[in-house]
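Here is a short briefing to read alongside the structure.

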Amino acid sequence: MTATAPAPRTPVPQGGPDERLVHTSPLRKLMGRPELGSVVGAVAVFLFFSIAADSFLRASSFGTVLYAASTIGIMAVPVALLMIGGEFDLSAGVMVTSSALISSMFSYQMTANVWVGVLVSLLVTLLLGVFNGFVLTRTKLPSFIITLGTFLMLTGLNLGLTKLISGTVSTKSIGDMEGFESAKAVFASQLTLGPVSLKITILWWFVLIALATWILLRTRAGNWIFAVGGEKDAARATGVPVNKTRIGLYMGVAFAAWVSGQHLLFSYDVVQSGEGVGNELTYIIAAVIGGCLITGGYGSAVGSAVGAFIFGMTSKGIVYAEWNPDWFKFFLGAMLLLATLLNAWVRKRAEARS
Amino acid sequence: MSTAVGPGTTPSAPGTPLVELDRVSKFYGNIKALEGVSLEVHAGEITCVLGDNGAGKSTLIKIIAGLHQHDEGTFRIEGADTTLVNPRDALDRGIATVYQDLAVVPLMPVWRNFFLGSEPTKGRGPLRRLDVRLMRETTRSELLRMGIDLRDVDQPIGTLSGGERQCVAIARAVYFGAKVLVLDEPTAALGVKQSGVVLKYVAAARDAGLGVVLITHNPHHAHLVGDRFVLLKRGAMSGSSTKDGTTLDELTRQMAGGSELDELSHELERAPAPSHLGGHPADAEPRK
């Protein structure tokens, strides 16, 4: 059977629901979802800015907010998956810049079609992900340390190599090169839907959310990701390919970094080599607000999307409310604390109900 | 009673054993973790491995489960010499191990845990997906068959009691066609009633025709269900017997340390009362 619809989620049909489960109300089921905290937060933030900023509810603002959310969200999805798998990637932020730099400089130096550079960039970026995963599985050091190392090395390489090859801290413009227009259409175009103009990153973001959710909930790999993050030794003992799963997760982050990197490049036509530092924490925060446990084994892709959406609303809402953007960080910190507290509470209930 | 039998003289029975260890040793660097241990596992029988902490029970389990490879001796599966490469290899050959504390992933639902590592799928190519309905139904019916009536297969397995979790793990092994079931101290952290429940499932697995290796340090539990007994002490085999050849008292005595216990009680009796218990003795010189 190859129906396109996902498998129905009906519980055991025979005998009907268990009579001991009468008190499982839909509300209680909702409480068990990892996204709950973030959805409540998102609604609160939305209402807050609807009142505080007049222009926040305009259709054009909606497109801007979604765009801001998508640039974070594209990375937050694989970062969330990685976190469910129990690991971090601190190199995710600068990897985006690396990916853009590789693509731009390869095309320029080889005077090749930009698509060649784009594909070379995909290959190299995926290898960076494999490197992270491979070192992790081989050395058994904490991923925090390993990816901190990759982060610093990539930051140095980005600046060093760019200066060495281009002579400045930014790359040369590739705007007039062959294939630029078609690549721009794929990675940085704008779609107009009535009054709303939407960036194509929003589409990439939604596709990634759907794909990640499918993988997590409906494939064997998804089962393995939860297991590896939840109890690595138990996973290994039941025959789950723990190392392959983790390397795959790092490759997922690398793939999203490639998408983001190409967007960065084709939105303009040059790349600043110092960009991306600090973004890795933004992605992690979005995933955590979205209900991912920092210790692994629990979370969702949709949650990370809601987390990214909160980011988008807050960063743009403060602008629309004509406040000093310095307040953005304060908001973020408060949100992170509240979300984590809520998640900890949910987890406690889930674990200690026996 | 056949105490301190020489290596390789485990009581034999007709038919090829499912798993047979013959004078197997394991070294960690210069540490002898296991030396010259022999045991047999037959279909429909329970082989109990008894030993105190540090006796080498865990090492023995890890060799049978494929987590470690033995350094000396022979390891036969259904008569053929083998060295298991990894746990997957052991599983593929029908040896399923249920660990004491790492049998399951607590935050995952029961049905996902049940099929972990061997998930059934349907569809092809990019549409290949978990057969969720089959997984849920099978989990429920298999557990019911073992006598566990679960309220909700969607609840995280961490919310089940220790005994129930052991039973899920056993049911899982039985369902996946294990021929040999290795149980690592399944009753260690359980109360009397829960232990009874788990032992019942162990016996159920035996009656289903599986060969069971039951690791325990509780001779009472071992004697209740065991057909063969292997005693480990400090990495070596200190005894081996069959159900007919031993009694609970003997088993308990051996487990408790046998003659060592006599000696200990003797020493405890004769030991002069200490003049002080901690702190500074009353007659000691005051500190300057």
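**Helix packing and overall make-up**

Helix α9 (residues 220-230) of chain A and α11(A) cross at roughly 100°, and their axes come within 10 Å. Axes here are lines fitted to C-alpha atoms, for helices over the stretch in contact, with angles running from 0 to 180 degrees between N-to-C directions. This is a predicted model: local features need pLDDT of at least 70 and side-chain atom pairs count only at pLDDT 80 or more, while totals for chains, interfaces and linings use all residues. Residues are numbered from 1 along each chain as its sequence is written, and chains are lettered from A and ligands numbered from 1 in the order in which they are written.

**α9 against α11 in chain A**

- On the α9(A) side, A221(A), W224(A), I225(A) and V228(A) make the contact, meeting V242(A), T245(A), R246(A), G248(A) and L249(A) of α11(A); contact means C-beta atoms, placed from the backbone, within 7 Å.
- By class, the contact of α9(A) with α11(A) has six nonpolar, two polar and one charged residues. Ala, Val, Leu, Ile, Met, Phe, Trp, Tyr, Cys and Pro count as nonpolar, Asp, Glu, Lys and Arg as charged, and the others, Gly among them, as polar.

**α7 against α11 in chain A**

- Helix α7 (residues 180-188) of chain A packs on helix α11 (residues 242-267) of chain A at an angle of about 125°, their axes 9 Å apart.
- The two helices, α7(A) and α11(A), are therefore oblique to each other.
- A183(A), K184(A), F187(A) and A188(A) of α7(A) make this contact with Q262(A), H263(A), F266(A) and S267(A) of α11(A).
- Four nonpolar, three polar and one charged residues take part in the contact of α7(A) with α11(A).

**Helix α6 of chain A**

- Buried residues of α6(A) include I146(A), T150(A), L154(A) and N158(A); buried means 20 or more other C-beta atoms within 10 Å of a residue's own, with C-beta atoms placed from the backbone.
- Those buried residues of α6(A) pack against α4 (92-110), α5 (114-139) and α12 (279-289) of chain A.
- Just after α6(A), G167(A) takes a positive phi of about 85°.

**Chain B**

- Chain B has nine helices and twelve strands, which are DSSP runs (H or I, at least four residues, for helices; E, at least two, for strands), numbered from the N terminus.
- Of the 288 residues in chain B, 44% are buried.

Terms used. A residue is buried if 20 or more other C-beta atoms lie within 10 Å of its own, exposed if 12 or fewer, and partly exposed in between; C-beta atoms are placed from the backbone. Two residues are in contact if their C-beta atoms, placed from the backbone, lie within 7 Å. Angles under 35 degrees count as roughly parallel, over 145 as roughly antiparallel, 65 to 115 as roughly perpendicular and the rest as oblique.
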